[in-house]
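Hi,

Here's the structure I promised to pass along.

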Amino acid sequence: MANPVLDVRNLTTHYFTRKGEVQALDDANFDLARGESMGVAGESGCGKSTMAFSLINQVQPPGRVVKGEVNIDGINAVQLTETETRKKVRWKRISMVFQGAMDILTPVYTVGHQMKEPLHYHQGITGDEARQKCEEYLGEVGLDKEIFTRYPHELSGGQKQRVIIATSLLLEPTVLIADEPTTSLDVVVEAQIMNLLKRLKKELGISMIFITHDLSILSEVSNKLSIMYAGKFAELGDAEKIYNNPKHPYTEKLLASIPRLHKDVKRLERIPGAPPNLVDPPSGCRFHPRCTYAKEVCQKEDPEPREVEGRKVACHFAGEVT
Amino acid sequence: MSAVLEAENLKKYYTMSQSFFGRLLGSQKKYVKAVDEVDFQIPRKNAMAVVGESGCGKTTLGKVVMRLLDATGGKLIMEGKDVTQLSGSGELKAYRRTTQMIFQDPFSSMDPRFTAFDTLEEPMNIHNIRGSYEEKRKTIMDALEEVQLTPAEEFVDRYPHMLSGGQKQRVAIARALILNPDFIVADEPTSMLDVSVRAELLNLMKDLMSEEDLTYLYITHDISTSRFFSDSISVMYLGKFVEKGEVATVLDNPLHPYSQALLKAVPEPKPEMVEVIKELPIKGEVPDATNVPSGCRFHPRCPYAEDICENEEPELREVEGREVACHFAGEVP
């Protein structure tokens with residue numbers, strides 16, 4: 001592959017709570033090329049958002065990145081101090097569209113006032129010049145220029161979401177992380193936002209990481225797909241291959257639980273049980289208590305991710321069971 | 001097949017507030033027509049899905065059916081009786097016992113200071129179901145077992161914060177079932193939940209349909225779940241049904257331009273679409289409901305609109321095995 005713009009090695013983030021060490025993210029390894037997108041899927045509490053926060057070095061205490069590297073443009077982001085991260089990484093190289101981004105805009109300031117902020121702090125651009133730039137990006141996401149002077153309550157949910165996306169693009173980041181960018185939006189608006197992100201990826205060559213629990217949305221935007229379970233990557237590789245022929249039992253179940261629009265299904269597949277408590281994750285393979293194929297070795301040994309049919313799978317029986 | 005619930009010309013208008021001068025000068029009252037002349041029938045042990053974007057009136061419809069809101073006009077016939085006129089603690093209370101609702105957000109539809117036991121006991125107290133503590137506890141345990149919160153002893157004394165989202169929604173379903181209702185309004189019961197939990201709950205609700213003789217009005221914006229869960233589907237736009245019919249008929253070959261557009265926007269697991277920008281026939285959001293467009297309500301957003309659409313409102317008519325409200329139904333591609 002061409003030089004990756006983002007290279008993540010052994011990224012591990014734990015939360016040190018009174019009840020013990022929550023192993024929210026363990027040994028994440030992946031890279032991302034320019035203009036490539038990766039989808040991250042998994043149930044709530046599987047560490048998707050923790051991974052996102054680790055990438056922008058913004059894990060909140062009691063959480064801490066325990067080890068690993070996030071290499072972006074030759075900088076290892078996790079070793080930087082807060083001030084350095086703010087100057088070098090956040091917004092500039094990696095920016096993020098947060099979950100429920102619509103509620104992030106402050107109601108008492110105009111959209112423009114809030115949009116200009118990163119320009120002012122990072123590049124010292126103010127006044128008319130800043131306004132021009134903001135308006136340019138508002139146009140880029142398909143919004144009218146006059147939105148600049150409006151207050152958040154005057155905008156609809158989809159418009160607010162676009163404002164957030166426009167803001168996150170202002171400093172021309174290399175990587176854009178979108179954490180559940182379309183939850184709580186209507187299907188039509190959702191499809192529009194997805195189209196927008198696809199277009200930006202193509203035209204501006206931005207690499208993207210999409211995080212959501214909805215695999216059907218991910219399939220439309222990701223080149224690569226990673227399935228997370230209990231803080232670990234269960235399967236990681238080419239999206240098309242994984243969708244058409246999942247190799248990890250968890251991926252298989254997850255895909256089968258999606259109701260289809262054009263297919264009559266008698267029963268939806270379900271995954272029995274609940275995701276484990278990460279203070280004390282199950283021994284061996286973390287998925288074994290819920291896995292229908294689990295054998296003795298799964299209880300004892302944690303499977304290392306290994307190459308199976310063009311993707312990495314962390315399962316002792318990958319390629320044999322599904 | 002006899003219908004459990006039948007709506008005829010059902011209407012719910014909200015009156016807009018007027019300015020003081022407006023009232024003095026006697027200007028016309030304005031209405032938001034949240035539900036406007038809606039007709040439907042739901043046969044026993046069936047589920048009808050109502051789909052549409054936010055602001056199309058689907059939740060209002062659910063609330064009118066529950067009698068949480070009073071209908072402005074029209075009839076709502078449940079088991080042969082018009083329920084829009086019921087009042088007081090006698091008949092209305094009896095109706096409420098047979099009709100229950102499952103709400104969208106399990107995180108806020110439950111009292112944080114009530115244990116699962118309290119939550120389930122409350123409806124029994126309201127409806128004067130007497131019995132000793134042991135009897136009630138037994139009923140409640142059975143209800144919890146029924147929604148697969150097993151072992152029930154483990155869950156019965158838990159507070160909402162000790163339950164996961166899916167478990168909370170199960171308690172909410174148990175709460176709806178405890179009075180042995182015939183009819184359930186489920187308002188986006190799974191939209192706050194994870195994919196795999198969603199699948200479990202939909203399976204459960206479907207099983208209950210045959211085990212408990214339930215009939216559902218299933219309100220959702222997640223159209224792909226309606227394929228699995230319901231028998232018929234009604235697509236709603238600005239207070240009106242624009243297309244309704246058997247779920248497979250409508251979803252496989254939608255005839256109304258709005259249903260077509262809506263279905264196109266639904267994401268589906270198709271990895272080969274990665275680099276393709278989807279074509280969306282309609283853009284933006286549902287227009288302001290205070291100012292419903294003339295003629296066909298959908299015409300300003302419709303890619304096929306012609307003069308007639310602006311002037312004449314199309315009635316629902318039978319086309320290819322379902323009802324469609326469009327002048328050009330069957331003719332547009």
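Predicted model: local features only at pLDDT ≥ 70, side-chain atom pairs only at ≥ 80, totals over all residues.

Helix 1 itself covers residues 48-55 of chain A, and 7 of its 8 residues are buried, so the rest of the structure largely encloses it. The buried ones are Lys48(A), Thr50(A), Met51(A), Ala52(A), Phe53(A), Ser54(A) and Leu55(A).

Zooming out to the whole of chain A, its secondary structure comes to 10 helices and 12 strands. A compact globule of 322 residues would have a radius of gyration near 20 Å, and chain A agrees with that at 20 Å. Its C-alpha trace spans about 65 × 50 × 40 Å along the principal axes. Of the 322 residues in chain A, 52% are buried. As for contacts in chain A with a separation of 6 or more, 63% of them come from residues 24 or more positions apart.

Now for the interface. On the chain B side, 38 residues are in contact with 43 residues of chain A. Four helices of chain B each supply at least two residues of the side that touches chain A: helix 8 (195-211), helix 9 (223-229), helix 10 (247-252) and helix 11 (257-265). Helix 8 of chain B gives the largest share of that side, with 6 residues. By residue type, the side of chain B that touches chain A divides into 20 nonpolar, 11 charged and 7 polar.

Cheers

How values were computed: Residues numbered from 1 in each chain as written. Chains lettered and ligands numbered in written order. Contact = placed C-beta atoms within 7 Å. Nonpolar A, V, L, I, M, F, W, Y, C, P; charged D, E, K, R; others polar. Rg over C-alpha atoms; globule rule 2.2 N^0.38 Å. Buried ≥ 20, exposed ≤ 12 C-beta atoms within 10 Å, placed from the backbone.
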